[in-house]
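Look over the structure first.

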Amino acid sequence: MNPGLYFAIGRKARDLLYKDYAQPQPLQIRYQSYDWSFDFSCQIEEVLPGLNTVFRVVVPDSSQAELQYLRDYVGFSAGIGLKANSAHGFDPIANISGVIGSTVVSLGADLGIDITTRTLNKFSAGLSLNSAFLIASMTLSDSCDSVKASVYHPLNPPTMTAIAAELKHRISRDATTLTFGAQHALLPYTLVKARMNTDGKVSAVLRQEIWQRFYLSIAGELDLRDNNSIPRIGLSMAIKH
């Protein structure tokens, strides 16, 4: 009956709409017209009853070590790490999040602290409602500047067929974006995803399992509102346990 961790709030819709798409990391290494980054993470479960550890390194962007604690009706995580800044250095950061509730309904918050300046540089809060046919969530993020509502609806779990939508409003810009998408497994090892938003951007992903737990993804994005836009194409590889 534990509610999971904070990043699980809205994760189903977020993964369908954004995971594996051609989106660069906040900081990348660039060579001519190519961008690249390397993301490695490792989780050690049940170090103590209910306690997990996670290590993550994103080259050249960041690194973090995190402790996760899961019990009935509560989920908690705390981490410390380094994040790249605009001066080509790294700032130490700390992150704390907590969730209360159950597998049906949960409420949580996430805090990010800049250790150097001792200031709160990130705050978000979220609410999640889960059922067998619909998963809905609402979050307040970007230091209370963004409000997002998302829904995820599985249509046929054996073929991973599902649809999702997200409505995001940016308060400071008075701008609202609606994104919707779908996914379907053409074959047991081949997943296709597509999405479109009201900003005129259309994207698609083809993910193929090459070997056991080794995935290759090809993604593309086109801005329909910009006649001079060049389609973006991305390639990613992942090994998952």
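## Salt bridges and a pocket

R232 is partly exposed, with 34% relative accessible area. E221 is buried at 13%, under the 20% cut-off. The model is a predicted one.

Salt bridges that share partners link R195, E221 and R232 into one network. R195 is buried, like E221. R195 sits in strand β14 and E221 in strand β16 (residues 214-223), so their bridge ties together parts 26 residues apart in sequence. R232 belongs to strand β17 (residues 232-239), so its bridge to E221 ties together parts that are eleven residues apart in sequence.

The structure holds five salt bridges. Three of them are listed here.

| Salt bridge | N to O distance |
|---|---|
| R195 and E221 | 3.1 Å |
| E221 and R232 | 3.3 Å |
| R11 and D15 | 3.5 Å |

R11 and D15 are four residues apart in helix α1, which means about one helical turn separates them. R11 is partly exposed at 38% relative accessible area. D15 is also partly exposed, at 25%.

Which element gives the largest share of the lining? Helix α1 does, with four residues. By type, the lining divides into 13 nonpolar, nine polar and eight charged residues.

Definitions and conventions. Residues are numbered from 1 along each chain as its sequence is written. This is a predicted model: local features need pLDDT of at least 70, side-chain atom pairs count only at pLDDT 80 or more; totals for chains, interfaces and linings use all residues. Side-chain values use heavy atoms; hydrogens and water are left out. Helices (H or I, at least four residues) and strands (E, at least two) are DSSP runs, numbered from the N terminus. Ala, Val, Leu, Ile, Met, Phe, Trp, Tyr, Cys and Pro count as nonpolar, Asp, Glu, Lys and Arg as charged, and the others, Gly among them, as polar. A salt bridge is a side-chain nitrogen of Lys or Arg within 4 Å of a carboxyl oxygen of Asp or Glu. Buried means under 20% relative accessible area, exposed over 50%, partly exposed in between (1.4 Å probe, protein chains only).
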